[in-house]
Amino acid sequence: MRNKMCVSASITVTIGALVAGCAVSDQTTSDSGTGKSAGGKQDQQAAPAPEEKLDLLPGMPPPADPGNVYAATRSGKLNEPMRQARELVYVPNSLDDTVSVIDPNTFEVIDTYPAGDEPQHVVPSYDMRTLYAVADKVPGGSLTPIDPKTGKPGTPIKVQDPYNLYFTPDGKSAIVVAEAYKRLDFYDPKTWKIQSSISVPGCAGVNHMDFTANGKRALIACEFANRMIVLDVANRKIIKKFDLNQVPNGKPQDTRLSPDGKTFYVADMIAGGIYLFSGDAMKYRDFIPTGDGAHGVYFSRDTKRMFVTNRGEGSVSVLSANTHEKLDKWHIPGGGSPDMGALSPDGSQLWLSGRYDSEVYVFDTKDGSLLKRIPVGNGPHGLTYMPQPGRYSLGHTSNIR
C-alpha cells in the first residue's frame, strides 16, 4: 500500500467510470456476442482440447488436481528451474531503493543491491526462470531481472509504474498493475512490448488480484476506492464491481483463491479482516474479522491452513483454508508490522516483511513461534523466497499453481 496522487495518462482502452459506494453492492456489465454459425450448419470439429473439456482459459495448463488449486505447490514439488535456484530470500526495501538478499540457512543478509526507484515486490516470472524486482516511482518505473540461480540482478527494463506484476494463466501476457495511472497494462512477458491497456478509473489504488480456478476471471482489489472489480481475462474487459461495506474507508489488499477453488479471500486492513467472494468471482458472501491491518494471505504446503497477516497489530491469524474456521493467532513479541512474504519450500517457515520496522520475521508454521527477526533496509515490502514448489507463477510474491 502507498499513497499516490492521481495521475492522468493516455489510455488505450477506456472502461466506464465506476461510482463509489459503501454498501456491498454489485453491478455486472456484459457484452453480447453473435454466436452465429456460417450457413446455420454445424461444422465437424476435432475433439475438444483438454482445457475445453474442463472449461479452462484456452492455453492454460490443466490442473494437477481438479479439487485442489495448489496441489502442485506441496512440499518437494519443485519444477526444473526451481531445482536449479539458489535458496535465498529477496526483500525489496521501498524507501531505500534496494533489495536485501538473505541466506535462510544462516538468517544473515549476504547481499544488497539497487533495484530501481521504490521497489515494491519481487515477483517470479510465469515460467519461474526469472525474478523481477518491480519499482514504480512515477512517471518512470522499472523491472529489475534477478537470476534465481545466482541471486544477482541484471539490466533493468523500463516499464511505467509497475506497482505489482501478475501473469495471465495461459502465460501469454504479463499484467503490470499501474496503480498511479489506474491501469492494467498487458505486456509480452518475453519482449516486454505493450500488447494492450485497460483503464480502470473507478479503481483507485488498483493493486492485488488472483484468478479463478479455470483462469477465465480475475478478482482485483481497488485499495483507495473500497471496492473490488472483476476482469474477463480473455476479452480484457471489466465485467463486474463490488462496493465493500464493513467500513466507509476500507482498503482491500491481498486477494487469493481458496485451495478448493470455491472462495476468494480478500484482506482489508481498515476493516480488519477478510471478505469472502464466490470462487467464480461473481458473488459477495461474507466478512470474517481477523485483526487490525489485515494484509497478506498465504496457504500452508498441505493446503489445509490459511495465514492472514495483521499488519496493524503485529499478528498472524491462522484459519482453515477452505472452511475459514479460526484456528489460532500468532503474535510477534513486542509488536511488529507483518506484511507480505512467502513460505519456505518445505512449508516449515513463514517469512514476512516488517513494513514499518525495517526487519523480516520468520515464523515456525507448526506452533507459530517467532524464530528470527532479521534487520533489513527501510520500508521492506513484497518479500519472496526461492525456490518455490509449483508449475507456474501467476505473479505477486508467491502466487504459484
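**Ground rules.** I number residues from 1 along each chain as its sequence is written, and my side-chain values use heavy atoms, with hydrogens and water left out. Because the model is predicted, I take local features only at pLDDT of at least 70 and side-chain atom pairs only at pLDDT 80 or more, while totals for chains, interfaces and linings use all residues.

**Entry 1: strand S6.** I started with S6 (131-135); strands here are DSSP runs of E with at least two residues, numbered from the N terminus. Five of its five residues are buried, where buried means under 20% relative accessible area, exposed over 50% and partly exposed in between (1.4 Å probe, protein chains only). I see Leu131, Ala133 and Ala135 pointing one way, and Tyr132 and Val134 pointing the other way.

Next I looked up the partners of S6, counting two strands as paired if DSSP finds at least two bridges between them. Strand S5 (residues 119-124) pairs with S6 in the antiparallel sense over five bridges, and Val123 has Tyr132 as its bridge partner. The S5 and S6 hairpin has six residues between the strands, and Met128 there takes a positive phi near 65°. Strand S7 (residues 142-147) also runs antiparallel to S6, joined by five bridges, with Ile146 as the partner of Leu131. The S6 and S7 hairpin has six residues between its strands too, and Gly141 in the turn shows a positive phi of about 140°.

**Entry 2: nonpolar cores.** For me a core is a set of buried Ala, Val, Leu, Ile, Met, Phe, Trp, Tyr and Cys residues joined through side-chain atoms within 4.5 Å. The largest one has 37 residues, and those with the most contacts inside it are Leu165, Leu184, Trp192, Met209, Ile220 and Leu231. S6 is one of the strands that each supply at least two residues of this core, and S11 gives the most, with four residues. I then checked Met209: leaving aside neighbours within four places in sequence, its contacts (heavy atoms within 4.5 Å) include Tyr166, Leu184, Ile220 and Asn399. Apart from this core lies another, of 31 residues, among them Val69, Val247, Tyr265 and Val297.

**Entry 3: aromatic pairs.** I pair rings of Phe, Tyr and Trp (its six-membered ring) if their centres lie within 6.5 Å; planes under 30 degrees apart count as stacked, over 60 as edge-to-face and the rest as tilted. That gives me twelve aromatic pairs. Phe277 and Tyr284 are edge-to-face, because their ring centres are 5.6 Å apart and their planes stand at 70°. Phe277 is buried at 0% relative accessibility, while Tyr284 is partly exposed at 25%. Phe307 and Trp330 make a tilted pair, 5.3 Å centre to centre with 35° between the planes.

**Entry 4: an open sheet.** Last, I followed four strands in the order S26-S27-S28-S29, an open sheet with antiparallel pairing. S26 (338-343) and S29 (370-375) are the edge strands, each pairing on one side only. S28 (residues 359-364) and S29 share five bridges, and Val360 stands opposite Ile374.
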